[in-house]
Protein chains: 2
Amino acid sequence: MSQFDNVSVVRQANVYFGGNVTSRVVLFADGTKKTLGIMMPGEYEFGADDKEVMEILSGHLKVLLPGKTEWLEINGIGVFTVPANTKFKLVVTTVTDYCCSYIAE
Amino acid sequence: MSQFDNVSVVRQANVYFGGNVTSRVVLFADGTKKTLGIMMPGEYEFGADDKEVMEILSGHLKVLLPGKTEWLEINGIGVFTVPANTKFKLVVTTVTDYCCSYIAE
């Protein structure tokens, strides 16, 4: 059972797209931040202010990364990186559990 | 910004009702456990093994507690307690953010 230890968790959820995407902020002692989130099936476009490393813990989705023309499909587990100050699109087919790391550059 | 400090968080979400209810486990140094969760609109029945204190952080729902005939309505924030080894029903009208505390007796 993978877990984050010695962290802080913000109680209130982040709610996007009418609740179809929600997440909780996890704060680490070194000042870094991750979110643990759920995406319901749907189509979404997100903006990344910081560089983001999106780890898919479970789910089925495809992602169109900035500057790409081919969609990346993830079925089960997977990871992709989003450059800072870009947008990316997601088509989520099944309930998707994710962990997003925000990387200050 | 209310947060839990010095805790562990299980990465993988708990997923119920096809993802319409999801939660993350937060573990405290004293051995106690809470979950932070999201309920999408819908009707649900839950079983409580331990005594549960359900704090609604935001949302609109009504709850039928065990042995009751009148529904308790919560719009915004609220709290209700569920005895151990009982079932309770929820009708969730809007996306609901909650914190559930499990009380060993």
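Tutor: Begin with a place in the fold. A:Ile77 sits in the loop between strand S7 (72-75) and strand S8 (78-82) of chain A. Strands (E, at least two residues) are DSSP runs, numbered from the N terminus. This is a predicted model: local features need pLDDT of at least 70, side-chain atom pairs count only at pLDDT 80 or more, and totals for chains, interfaces and linings use all residues. Residues are numbered from 1 along each chain as its sequence is written, chains are lettered from A and ligands numbered from 1 in the order in which they are written, and side-chain values use heavy atoms, with hydrogens and water left out.

Student: Is A:Ile77 buried or exposed?

Tutor: Buried means under 20% relative accessible area, exposed over 50%, and partly exposed in between (1.4 Å probe, protein chains only). A:Ile77 has 66%, so it is exposed.

Student: Which residues does A:Ile77 touch?

Tutor: Contact means heavy atoms within 4.5 Å. Not counting residues up to four places away in sequence, A:Ile77 touches A:Ile56 and A:Leu57.

Student: And what about A:Thr22 in strand S3?

Tutor: Strand S3 covers residues 21-27 of chain A. A:Thr22 counts as buried because its relative accessibility is 5%. Beyond neighbours within four places in sequence, its contacts include A:Leu36, A:Tyr98 and B:Ile38.

Student: How is chain B laid on chain A?

Tutor: Copies are superposed by least squares on the C-alpha atoms of residues with pLDDT of at least 70 in both. Here a turn of 180 degrees and a shift of 0.0 Å along the axis give an RMSD of 0.0 Å. The two copies are therefore related as by a two-fold rotation axis.

Terms used. Helices (H or I, at least four residues) and strands (E, at least two) are DSSP runs, numbered from the N terminus.
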